[in-house]
Amino acid sequence: MDLDAFTAVHSPQWDRLKQLTRKRRLDGAEADELVRLYQAVATHLSTVRSAAPDPVLVTKLSDLLSRARVRVAGTHEPAWSDVVRFVVVTIPAALYRVRWWTLGVVVVCLALAVVAGHRVAADPDVLAQMGTPAEREAYVNDAFASYYDPGASFAAMVWTNNAWIAAQCVGLGITGVWPAFVLIQNAVSVGATGGMMAAYGELDLFLQLIAPHGLLELTAVFVAGAAGLKLFWTAVSPGPRPRTVALAQEGRALVTVAIGLAGALAVSGLVEGFVTGSTLPWWLKIAVGALALAAFWVYVVVLGRRATEAGLTGDLDADRAGEVVPTVG
């Protein structure tokens with residue numbers, strides 16, 4: 001098919017459809033014309049996709065049809081089915097696809113935390129770098145535990161802080177350097193704090209106050225870092241897809257990951273705000289944290305595997321994202 005000739009022949013219809021979708025009010029004849037043009041342009045899009053899948057033209061027609069669909073169908077009804085599908089299908093698919101990257105990040109970060117903690121606890125010179133003796137004792141005996149102040153304001157503050165850390169990993173993932181820096185900094189910081197608590201015989205207190213919320217909170221940060229690093233690796237090695245197409249697809253899926261992690265971090269913030277610093281028995285606090293983490297992974301693995309087996313990736317569908325030229329592989 002001659003794409004230029006096809007475009008020249010049908011451009012007037014596309015322009016007219018665009019004009020009708022932008023009008024505030026349509027009379028009866030214009031409404032009928034809008035429906036006819038919508039059906040015609042849908043046929044044009046199908047023809048282009050099958051015969052000459054130019055990504056620019058397909059994206060243009062997809063966007064035009066999306067706008068026209070709104071005028072034809074209206075927007076007074078909330079698309080609850082789309083919201084539900086996004087939560088139970090799209091988000092799990094995006095999270096499931098980065099599971100192995102997440103596992104790698106978890107292993108590396110845990111190793112760094114253990115090494116940092118052991119050095120602080122075992123080496124007096126390294127421990128001295130954590131502050132003066134008076135500052136360390138004040139932190140161990142009072143500041144660490146008093147930080148966890150139960151309440152909604154504290155939960156909101158925690159969520160904002162953690163969401164910001166995750167957003168950095170996601171938003172600057174393309175650099176490769178920044179998510180690695182954030183992950184290493186957090187792993188060393190948590191490990192060093194645990195080592196200092198251990199040096200003063202308060203390792204049990206550290207674990208009791210970190211575990212309830214930290215299990216899910218740190219997992220969410222690890223997932224964010226893993227997703228950011230995956231985007232960076234896509235830029236380095238896009239596979240059979242053109243690099244720009246691969247980055248666009250993975251970038252949109254990365255946004256889906258970020259939305260999913262916002263929910264996970266909200267849950268960990270609630271646990272930290274209302275469970276960690278509460279008067280509940282320590283075993284019950286840890287059980288709550290473990291249950292939250294288990295629920296997250298069941299959500300990712302069970303729903304995510306099902307979604308990816310159906311061919312979903314967490315990216316937008318073709319009508320919203322635009323099609324690409326088919327590639328081999």
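Leucine 218 counts as partly exposed because its relative accessibility is 26% (buried means under 20% relative accessible area, exposed over 50%, and partly exposed in between, with a 1.4 Å probe and protein chains only). Leucine 218 is found in helix α10, and its C-alpha is 9.1 Å from that of asparagine 162, which is 56 residues apart from leucine 218 in sequence. Keep in mind that this is a predicted model: local features need pLDDT of at least 70, side-chain atom pairs count only at pLDDT 80 or more, and totals for chains, interfaces and linings use all residues. Residues are numbered from 1 along each chain as its sequence is written, and side-chain values use heavy atoms, with hydrogens and water left out.

**Helix α10 and its partner α12**

- The axes of α10 and α12 cross at roughly 15° and come within 6 Å (axes are lines fitted to C-alpha atoms, for helices over the stretch in contact, and angles run from 0 to 180 degrees between N-to-C directions).
- That angle makes α10 roughly parallel to α12 (under 35 degrees is roughly parallel, over 145 roughly antiparallel, 65 to 115 roughly perpendicular, and the rest oblique).
- On the α10 side, the contact is made by Gln208, Ala211, Pro212, Leu215, Leu216, Thr219 and Val223 (contact means heavy atoms within 4.5 Å).
- On the α12 side, the contact is made by Trp282, Lys285, Ile286, Gly289, Ala290, Ala292, Leu293, Phe296 and Trp297.
- By class, the residues of the α10 and α12 contact are twelve nonpolar, three polar and one charged (Ala, Val, Leu, Ile, Met, Phe, Trp, Tyr, Cys and Pro count as nonpolar, Asp, Glu, Lys and Arg as charged, and the others, Gly among them, as polar).
- α10 passes α12 in a left-handed crossing (left-handed if the near helix is turned anticlockwise from the far one by less than a right angle, right-handed if clockwise).
- Leucine 203 is also found in helix α10, and at 38% relative accessibility leucine 203 counts as partly exposed.
- Leaving aside neighbours within four places in sequence, leucine 203 is in contact with Gly194, Met197 and Ala198.
- Leucine 203 and glutamate 309 sit 106 residues apart in sequence and 43 Å apart in space, C-alpha to C-alpha.

**Other helix pairs**

- α5 and α9 pack at about 35°, with their axes 7 Å apart, and their crossing is right-handed.
- α5 brings Val105, Cys109, Leu112, Ala113, Ala116, Gly117, Val120 and Ala121 to that contact, while the α9 residues include Leu183, Ile184, Ala187 and Val188.
- The contact of α5 with α9 has 15 nonpolar, three polar and no charged residues.
- α1 passes α2 in a left-handed crossing.
- Among the residues making the α1 and α2 contact are Phe6, His10 and Trp14 of α1 and Glu30, Leu37 and Val41 of α2.
- The α1 and α2 contact residues divide into ten nonpolar, five polar and three charged.

**The nonpolar cores**

- The largest nonpolar core has 33 residues, and Leu95, Val105, Leu183, Val223, Val257, Leu261 and Phe296 touch the most other members (a core is a set of buried Ala, Val, Leu, Ile, Met, Phe, Trp, Tyr and Cys residues joined through side-chain atoms within 4.5 Å).
- Elements that give two or more residues to this core are α4 (80–97), α5 (99–122), α8 (152–171), α9 (177–199), α10 (203–236), α11 (243–276) and α12 (282–309).
- α10 gives the most to this core, with ten residues.
- Valine 257 touches Ala94, Leu95, Val223 and Ala227, not counting residues up to four places away in sequence.

**Two more residues to look at**

- Threonine 90 lies in helix α4 and is buried, with a relative accessible area of 16%.
- Not counting residues up to four places away in sequence, threonine 90 touches Arg85, Thr256 and Gly314.
- Glycine 277 lies in the loop between α11 and α12 (helices, H or I of at least four residues, and strands, E of at least two, are DSSP runs numbered from the N terminus).
- Glycine 277 counts as partly exposed, at 28% relative accessibility.
- Glycine 277 and alanine 145 are 132 residues apart in sequence but 7.7 Å apart in space, C-alpha to C-alpha.
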